Structure formats: C-alpha cells, structure tokens
Amino acid sequence: MIVSVGIDVCDVERFVAELERVPRLRDKIFTAEERDLPDASLAARFAAKEAIAKALGAPAGMRWHDCTVHRIDGGAPVVELRGTVAARAAELGITRWHLSISHDAGIASAMVVAES
C-alpha cells in the first residue's frame with residue numbers, strides 16, 4: 001500500500017554554487033560514500049533526500065546523514081535509512097521505497113514512493 005510520495009527538483013548550477021559558497025555544506029548533507037560524486041549526481045542525491053523528507057512529512061530533527069542513496073549498476077537507486085529518518089519511516093509504517101533520480105539540462109530531479 002502506498003503511504004506517501006515525494007518529489008523535488010534542483011538547479012545543478014545553483015546547488016554547486018551554494019556548495020562552493022559554504023564548503024562545509026557538502027559534509028553536512030552527504031555521507032562519505034556520496035560526497036565525491038560529480039556535481040550533477042550530488043544535486044540529484046540532494047533532490048532525492050528532499051523528496052524522501054517530503055514523503056516523511058518533513059518533520060524537524062531529521063539528520064541528512066541518516067539517509068544515503070546508493071547507485072546500483074544496471075538497477076534503480078537504493079535508499080538506506082538509519083537513525084532519525086529510519087525512525088520516522090517506521091513510525092509511518094514505511095517498509096519499502098521506490099526512488100527515481102535524474103539529471104539533464106542543468107536540472108536534477110527525484111521522485112519517491114513510500115510503501116507499507
């Protein structure tokens with residue numbers, strides 16, 4: 001059963017400019033596994049984390065590092081939750097995530113469906 005959906009878009013150039021303006025932002029938002037990806041991929045992961053937060057109702061207190069988006073060769077991206085984000089998902093009865101991310105023409109986007 002679908003519990004919720006979330007969607008987000010991100011202007012890659014503007015996002016990268018913000019990362020350059022505030023260097024510690026990269027470490028705040030991304031896990032070690034994500035941090036060194038190309039700019040468009042970072043923007044897409046940011047959009048994915050935002051879409052996941054929206055699907056969870058965007059409650060205060062969730063930590064960026066409690067969500068990692070893994071790329072699987074030849075497959076859909078995989079969402080790994082822990083800590084504050086996993087706790088909120090459990091509270092809502094979410095047991096499965098479907099995530100689609102894309103980047104093209106300077107825009108990164110993500111759409112997520114949360115299932116119980």
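Student: Where is Ala105 placed?
Tutor: Ala105 sits in the loop between β4 and β5. Keep in mind that this is a predicted model.

Student: Is Ala105 buried or exposed there?
Tutor: Exposed. Its relative accessible area is 74%, and the cut-off for exposed is over 50%, so Ala105 counts as exposed.

Student: What about its phi?
Tutor: Phi of Ala105 is near 55°. That is a positive value in a residue other than glycine.

Student: And what is the phi of Ala58?
Tutor: Ala58 has a positive phi of about 45°, although Ala58 is not a glycine. Ala58 lies in the loop between α3 and β2.

Student: Back up a bit. How many helices and strands does the chain have?
Tutor: There are 4 helices and 5 strands. Along the sequence they follow the pattern β-α-α-α-β-β-α-β-β.

Student: Why call the chain as compact as a globular protein of its length?
Tutor: Its radius of gyration is 13 Å, close to the 13 Å that the globule rule gives for 116 residues, so the chain is as compact as a globular protein of that length. The C-alpha trace spans about 40 × 30 × 20 Å along its principal axes.

Student: What percentage of the residues is buried?
Tutor: Buried residues make up 41% of the 116 in the chain. The chain exposes about 6,500 Å², and carbon and sulfur atoms supply 54% of that area.

Student: Which share of the contacts joins residues at least 24 apart?
Tutor: It is 56%, counted among contacts between residues at least 6 apart in sequence.

Student: On to the inside. How many residues are in the largest nonpolar core?
Tutor: The core has 31 residues. Those with the most contacts inside it are Cys10, Phe15, Ile52, Leu56, Trp97, Leu99 and Val112.

Student: Which elements each supply at least two residues of this core?
Tutor: They are α1, α2, α3, β2, α4, β4 and β5. The largest share, 9 residues, comes from α3. As general background, nonpolar side chains in soluble globular proteins tend to be buried together.

Student: Take Leu56. What is it in contact with?
Tutor: Leaving aside neighbours within four places in sequence, Leu56 is in contact with Met62, Val85, Arg88, Ala89, Leu92, Ile94 and Trp97.

Student: And Leu99, where does it lie?
Tutor: Leu99 lies in strand β4. Leu99 is at 8% relative accessibility and counts as buried.

Student: What does Leu99 touch?
Tutor: Not counting residues up to four places away in sequence, Leu99 touches Ala48, Val69, Ala76, Pro77, Val79, Ala110, Met111 and Val112. As for His65, it is 34 residues from Leu99 in sequence and 18 Å away, C-alpha to C-alpha.

Student: New topic. How many aromatic pairs are there?
Tutor: A search of the whole structure finds 3.

Student: Why is the pair of Phe15 and Phe30 called edge-to-face?
Tutor: The ring centres are 6.2 Å apart and the planes are at 90°, so the pair is edge-to-face. The pair links distant parts of the chain, 15 residues apart. Phe15 is in helix α1, and Phe30 is in the loop between α2 and α3.

Student: Which residues do the ring pairs link into a cluster?
Tutor: Phe15, Phe30, Phe46 and Trp64.

Student: Now strands. Which way do the residues of β2 point?
Tutor: Cys67 and Val69 point one way, while Thr68 and His70 point the other way. All of these are buried.

Student: How many bridges join β2 to β3?
Tutor: There are 4, and the two strands run antiparallel.

Student: Last one, Lys54. What is it in contact with?
Tutor: Setting aside neighbours within four places in sequence, Lys54 is in contact with Val5, Gly6, Ile7 and Asp8. Lys54 is found in helix α3.

Student: How accessible is Lys54?
Tutor: Lys54 is partly exposed, with a relative accessible area of 41%.

Key
Residues are numbered from 1 along each chain as its sequence is written. This is a predicted model: local features need pLDDT of at least 70, side-chain atom pairs count only at pLDDT 80 or more; totals for chains, interfaces and linings use all residues. Side-chain values use heavy atoms; hydrogens and water are left out. Rings of Phe, Tyr and Trp (its six-membered ring) pair if their centres lie within 6.5 Å; planes under 30 degrees apart count as stacked, over 60 as edge-to-face and the rest as tilted. A nonpolar core is a set of buried Ala, Val, Leu, Ile, Met, Phe, Trp, Tyr and Cys residues joined through side-chain atoms within 4.5 Å. Buried means under 20% relative accessible area, exposed over 50%, partly exposed in between (1.4 Å probe, protein chains only). Contact means heavy atoms within 4.5 Å. Two strands pair if DSSP finds at least two bridges between them. The radius of gyration is taken over C-alpha atoms; the globule rule is 2.2 Å times the number of residues to the power 0.38. Accessible areas come from the Shrake-Rupley method with a 1.4 Å probe; for residues, only the protein chains shown count as cover.
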